Amino acid sequence: MAAEMTLVKPISKFGNPAAARRLLLPPPPRYYNHVVANNKKKSSSTIKIMMSSAAAATTKSTKKVGIKETLLTPRFYTTDFDEMERLFNTEINKNLNQAEFEALLQEFKTDYNQTHFVRNKDFKEAADKLQGPLRQIFVEFLERSCTAEFSGFLLYKELGRRLKKTNPVVAEIFSLMSRDEARHAGFLNKGLSDFNLALDLGFLTKARKYTFFKPKFIFYATYLSEKIGYWRYITIYRHLKANPEYQCYPIFKYFENWCQDENRHGDFFSALMKAQPQFLNDWKAKLWSRFFCLSVYVTMYLNDCQRTAFYEGIGLNTKEFDMHVIIETNRTTARIFPAVPDVENPEFKRKLDRMVEINEKLIAVGEGQDIPLVKNLKRIPLVVALTSQLLAAYLMPPIDSGSVDFAEFEPQLVY
């Protein structure tokens, strides 16, 4: 029990100096477009790679390699835009609180971070000092983060365009959120240029597969994505502020303001869900909200445990960091979702750790030398075991929560 309680200790306790030296990760596949450096400015939505001819020669073999699609890869999303227009039509939906949306719009228009993302010479100098496996770890962190932010930019931009006539206020908020996401993606891609690399985001837009989610699922998933992003960024920022010896790259110094963008985005999606009480006030909403919580938490945990060297490189214990983020995100999410998993039950973490063990075996099978048929046969019991653990975690007694009155299943909001 004492070991379980360490999960909720302050983040300053998460340091693991000895582990910081264990840095072993394979280089990730990526979308890159190699060109000779020409110092020309690029748009924020289509950024080409800038590298010296020598660097280009060393990475020529990766020129046409795509990002390997797995269940844990950052995804691009699309939705039913016609249904979105109906949901936010003020003539159809009388639950829309336009006054709240107007207030949120003014918050976004203020653009607190307009001048925040300004680089300096410290970036390139820090990147040049990062060598060996740790350097590759940072490249992977930057490219995955850039892909995730760019995915949000594309979705929000399209929603802003499609809702312009139906609900101009909501449409403008989506457009301003796409501005934030593009700014984040561009800043991360500039970070890759410190390592003589960058993602070709224009090509990425056309090449990636898009996952379709119904609007209500977009609300659940995107709210969770923004809120968990907030807790990840602010936790890393506070840890590195308390432990500056691990501040090996200056991008982390920007996380305090950066995470406020994520928080505002999450608050907006909270307002959107309150405007659609049918997504929050029945038994189906309870089941779906628990499902999305579990999906997001498990995905993060499995992803991060594959990249534990990154977190150890900045002085964090990966599993303790993740559990801190999951617990705080779950507490925040409980304010709006009608039900959430009981992530503070020690059994929840035990199930997550079991999933990590199974996932590591699945990865080992995939990287083995067996023929495809043998690999698939070896995967079957592992997939069954992983599914069993997921189902067991889902069936754990949940916590009833949320700000919707369930007594009569009426769309009455209780604050």
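Which residues in α11 meet which residues in α14? In the predicted model, the α11 side of this contact is formed by L294, Y297, V298, Y301, L302, C305 and Q306. These residues meet F348, K349, L352, D353, M355, V356, N359 and I363 in α14. By class, the contact of α11 with α14 comprises eleven nonpolar, two polar and two charged residues.

The geometry of this pair was examined next. Helix α11 spans residues 283–306 and helix α14 spans residues 346–367. Their axes come within 10 Å and cross at roughly 55°. Because angles from 65 to 115 degrees count as roughly perpendicular and those under 35 degrees as roughly parallel, this value makes α11 oblique to α14. The crossing in which α11 passes α14 is right-handed.

With its neighbours within four places in sequence left aside, K351 is in contact with Q389, A392, A393 and M396. The relative accessibility of K351 is 12%, and K351 therefore counts as buried, the cut-off being under 20%.

Apart from its neighbours within four places in sequence, L386 is in contact with M355, I358 and L362. One of these residues, M355, is also among the α14 residues that α11 meets. L386 has a relative accessibility of 14% and so counts as buried. Between L386 and K351, which lie 35 residues apart along the chain, the C-alpha atoms are separated by 9.7 Å.

These local features belong to a protein of 415 residues with 15 helices and six strands. Buried residues account for 52% of the protein. Of the contacts in the protein with a separation of 6 or more, 83% are between residues 24 or more positions apart. The contacts of L386 with M355, I358 and L362 and those of K351 with Q389, A392, A393 and M396 were described above. The accessible surface of the protein comes to about 19,600 Å², and carbon and sulfur atoms contribute 56% of this area.

Conventions. Residues numbered from 1 in each chain as written. Predicted model: local features only at pLDDT ≥ 70, side-chain atom pairs only at ≥ 80, totals over all residues. Heavy atoms only, no water. Axes fitted to C-alpha atoms, helices over the stretch in contact; angles between N-to-C directions. Helix = DSSP H or I, 4+ residues; strand = E, 2+ residues; numbered from the N terminus. Parallel < 35°, antiparallel > 145°, perpendicular 65-115°, else oblique. Left-handed = near helix turned anticlockwise from the far one by under 90°. Contact = heavy atoms within 4.5 Å. Nonpolar A, V, L, I, M, F, W, Y, C, P; charged D, E, K, R; others polar. Buried < 20%, exposed > 50% of the residue type's maximum accessible area, 1.4 Å probe, protein only. Areas by Shrake-Rupley, 256 points an atom, 1.4 Å probe, with all protein chains shown as cover.
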